[in-house]
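This report goes through one protein model, from its domains to its metal site and strands. Please keep the sequence and the 3D view at hand while reading.

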Amino acid sequence: MIIVLKPNISKKDENEVLKEIKKLGYKPHVMRGVERTVVGAIGDERTHTSLEVLGSWAQVESVMPVQKKYKLVSREAHKSTSIIKVGKQIIGGKKLQIMAGPCSVEDEVQLMKTAHAVAKAGATILRGGAFKPRTSPYEFQGLGEKGLKLLAKARRETGLYVITELLSEAHAELVAEYSDILQIGARNAQNFQLLIAAAKTGKPVLLKRGLSMRIEEWLLAGEYVLSNNNPNLMFCERGIRTFETYTRNTLDLSTIPIIKKESHCPMVIDPSLGAGRADLVVAMCYGAVAMGADALLIEVHPNPAEAWSDGAQQLSLEGFAKLMEELKPFIAAAGRE
Ligand code: PEP
Ligand code: MN
């Protein structure tokens, strides 16, 4: 940590700060400038009280971390983008991966129809919620284990890999048994115990951005996965809550270059949640691909008008097939496959 002292403080005031730094278990290095004194404090914050407490001292102007708070997710820790293997597919490599499927698994016919259609159009991973995080307890909560079994059946029939949301620590083993990637939803993005439980299953984890989460908080949430011995983490931007009402969320595409700069973890864009409107999904995908997203997560339903959840933002099977065709020049222009 760097502790900047107020200008022109007395020697006695300075010594009090240095004494406190030592008392807290850190080694102070004093750097005297013309106008002010800066103290570098060395020590491990995980085993000592954080020096941030000094920020409230009258002698102290500011306390700043020397290094980024996130270590393992940082690009400094791993120069090239991490490659995540999902069966025979790779996320973070040259190929743009498409994860597509219904918001919720509703029944066998709905899921199989969607799975076959998205596979035919070029998706490699099937999405579908079995445990749904609904705003109201009176809305459809998902089929639970029955939904997971249907996803497994679709996987067998189509060869698609499966991504589904893990809502609760209690279900970590169960969901990991059926799913190739565990999705941590926006509402749980800072549920640290859930992140640890997900990491410990050993399955790749897709971490959505929370509704009002700062990028640093998001990176630190990801740090919980990597620091629990699971290197297979990807970040997924799905829009944040702003004052805007024309869209359900504001899809923050600036996170693509920012996450790519700060982290080696692959970056996924969810344009469906991001816009909340099917008519905007295609344009959002173009933007995401052009900006370097490694994968897209798209909601697709055989009959969006009758979907049990998120009907307004789901593409029809035809709409999805058309999108996949229209994306081709963007994929090529971005130097991907
Ligand atoms: C979803 O993907 O179905 C979902 C609930 O997403 P989010 O957590 O981004 O709201
Ligand atoms: Mn949804």
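## Pocket between the domains

The largest pocket lies between domain 1 (2-64) and domain 2 (84-333), because both give residues to its lining. These domain bounds come from an automatic or database domain assignment. The C-alpha centres of domain 1 and domain 2 lie 44 Å apart. A pocket here is an open set of points on a 1 Å grid over the protein atoms alone, where a 1.4 Å probe fits, with protein on both sides within 12 Å along at least five of seven lines; lining residues have an atom within 4 Å of a point.

The space in the largest pocket is about 800 Å³, a volume being the space filled by probe spheres set on grid points joined across faces, edges and corners. The lining has 23 residues, and Glu45, Arg46, Lys68, Lys69 and Lys71 are the closest to the centre of the pocket. By type, the lining holds 10 nonpolar, 5 polar and 8 charged residues. Here Ala, Val, Leu, Ile, Met, Phe, Trp, Tyr, Cys and Pro count as nonpolar, Asp, Glu, Lys and Arg as charged, and the others, Gly among them, as polar. At least two lining residues come from each of β3 (37-42) and α6 (215-226); α6 gives the most, with 3 residues.

## Basis of the model

The model is predicted: local features need pLDDT of at least 70 and side-chain atom pairs count only at pLDDT 80 or more, while totals for chains, interfaces and linings use all residues. Residues are numbered from 1 along each chain as its sequence is written, chains are lettered from A and ligands numbered from 1 in the order in which they are written, and side-chain values use heavy atoms, with hydrogens and water left out.

## Overall make-up

The protein chain has 10 helices and 14 strands. Helices (H or I, at least four residues) and strands (E, at least two) are DSSP runs, numbered from the N terminus. Of its 337 residues, 51% are buried, where buried means under 20% relative accessible area, exposed over 50% and partly exposed in between (1.4 Å probe, protein chains only). The C-alpha trace spans about 75 × 45 × 40 Å along its principal axes.

## Manganese site

Cys103 (SG), Glu299 (OE) and Asp310 (OD) coordinate the manganese ion (ligand 2) at 2.1 to 2.3 Å. Cys103 sits in the loop between β7 (97-101) and α2 (108-121), and Glu299 in strand β14 (residues 295-299), so that distant parts of the chain, 196 residues apart, are linked. Cys103 and Glu299 are both buried. Donors are N, O and S atoms within 2.8 Å of the metal (3.2 Å for Na, K and Ca); water is not among the atoms, so sites may look incomplete.

## Strand pairing

Two strands pair if DSSP finds at least two bridges between them. Strand β1 (residues 2-5) is antiparallel to strand β4 (residues 60-64), with 4 bridges, and Ile2 stands opposite Met64. β1 also pairs with β3 in the antiparallel sense over 3 bridges, where Val4 has Val38 as its bridge partner.

Strand β11 (residues 205-208) runs parallel to strand β10 (residues 181-184), joined by 3 bridges, and to β12, joined by 4 bridges. Leu207 is the bridge partner of Ile184, and Cys236 that of Lys208. In β11, Val205 and Leu207 point one way and Leu206 and Lys208 the other, and all are buried. Strand β12 (residues 233-237) has 5 of its 5 residues buried: Leu233, Phe235 and Glu237 on one side, Met234 and Cys236 on the other.
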